[in-house]
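Thanks for making the time this morning. I would like to walk through a handful of side-chain contacts in one model, and I will give the cut-off behind each term as we reach it.

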Amino acid sequence: YQRRVHGGGASIHINSSLSAQRRAGSNPTLMSQAPVTATPPQAALAPVQLVVNVHEVDKSSLLSIALQWENVLTLLCIAGNMVSAIGVVVVVKALYQAPCMYHFANTLIVFHIVVTGACVYACYYCGVFPAKRIAWSQYLWISTAKVLSICTVNYSLYLNSVGMYQVLKFSNIPIICIIEYFGWSKLYSVRIYMSLILVLVGIYLTCVTELRFSLPGMIIGLIGAVTTAIYQLMTSHFQKVHSINAMQLLLFESPIAALLSAVIAAFTEASSLASAPPLSITCWCLLAVSGIFAFGVNLTTYLIIGRTSPVTYAMSGHFKSIAVIIFGYTVLSQPVELRNLCGISIAFIAIIWYTQSKLKEQQTNSMNSNLNIVSSSPSQDEVPAIARAR
């Protein structure tokens, strides 16, 4: 709108290329010299308010479609993580058995991290993603937490029974919630806290058969749970604060993590590795396949944490554990008790409850953002005031 003052009076003129084109047809000369009829402010502003409402509806529908697409991508990442994690467990178990008899766990960790870094660098040089770097000190922190998490969790399994190892591993979720509360003052809804408690109860009934532990094993297990929680929280925090994706974070984090894990492997396995017999072609093929699966685990882990939260990633890990246990019961004909069936049922109900609660929170956040869009757009009373001010 343009306001022109003629003498003591004023008139509102509409300077619109669309209205001029309708009056002048396709002649550009007439279009530039087309007469403009004065229109009252209220009548001229009514179509503008209609256009704003249409844009608000479009923004709401586009936001809903984007939210659904993000949920689909998250489910695909979780499915890929499950396939990769189960695959790497099966292949590594085959490496530990005859004929390979490979028992160098720390060296295998180094190999997996190196393969992950090589795959990420190959994707970078092929133009899959651009490089984006954060401070080297932050890469050092997250790499240290990652290596400590892997090593302490594996050592906890060596010192404790399988049941105690599972209990210490499940403590990852409450530790994450405690760190988020004291570090970022983050609280979840009561429904989510209740679903988390039910998941832990269900997993306990399903997996834990005995609780045999030692004091060193308890300490190492707790250190492993804390470092795992810190590693997952830093992964989520760095991706969201610095606006980097999983590939960009792994590009510079993998070399540091490989170097740190190589130092640990050199101190623990160098002498026995030097005296070990050479590997066969079958073992090298299994190592290569395990490295590809490890790359899938690392990539999907970063994607899930970056898209959701460490708590959601931990929940997907428990769902993966339940799926593996059901596979053992149904396909491998492992013995099952009533206690195990009750635990599986409770865990599944809790996971569904958690998923519904998170989706409800997403819908609430989406509605709040829509309300912010509507409240930020000018109303019918505000637009004439803006026109008069101009």
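The structure holds 1 disulfide, a term used here for a pair of cysteine sulfur atoms within 2.5 Å. The partners are C100 and C283, with their sulfur atoms 2.3 Å apart. Because the torsion about the S-S bond of C100 and C283 is about -120 degrees, the disulfide is left-handed. C100 sits in the loop between α3 (41-96) and α4 (105-125), while C283 belongs to helix α11 (residues 281-307), so the bond ties together parts that are 183 residues apart in sequence. The helices I name are DSSP runs (H or I, at least four residues; for strands, E, at least two), numbered from the N terminus.

Before I go further, please keep in mind that this is a predicted model, in which local features need pLDDT of at least 70 and side-chain atom pairs count only at pLDDT 80 or more, whereas totals for chains, interfaces and linings use all residues. Residues are numbered from 1 along each chain as its sequence is written, and side-chain values use heavy atoms, with hydrogens and water left out.

C285, by contrast, is in no disulfide, and the nearest cysteine sulfur, that of C283, is 9.2 Å away. C285 counts as partly exposed at 45% relative accessibility, and C342 is partly exposed too, its relative accessible area being 37%.

Since α4 has already come up, let me stay with that helix for a moment. Its 21 residues should span 30 Å at 1.5 Å a residue, and the end C-alpha atoms are 30 Å apart, so the two values agree; the expected span is 1.5 Å times one less than the number of residues. The buried residues of α4 include L108, I109, V110, I113, V115 and V120, together with H112 and G117. After α4 comes G127, whose phi is positive, near 80 degrees.

Now to the aromatic rings, where a search of the whole structure finds 10 aromatic pairs. Rings of Phe, Tyr and Trp (its six-membered ring) pair if their centres lie within 6.5 Å, and planes under 30 degrees apart count as stacked, over 60 as edge-to-face and the rest as tilted. W136 and Y139 form a tilted pair, 5.6 Å centre to centre, with 55 degrees between the planes. These two residues are 3 apart in helix α5 (residues 136-159), and about one helical turn separates W136 from Y139. W136 counts as partly exposed at 45% relative accessibility, whereas Y139 is buried, with a relative accessible area of 0%.

W136 also pairs with F252, and that pair is edge-to-face, 5.7 Å centre to centre and 90 degrees between the planes. F252 counts as buried, at 16% relative accessibility. Elsewhere, ring pairs link Y121, Y124, Y125 and F129 into a cluster.

How values were computed. Buried < 20%, exposed > 50% of the residue type's maximum accessible area, 1.4 Å probe, protein only.
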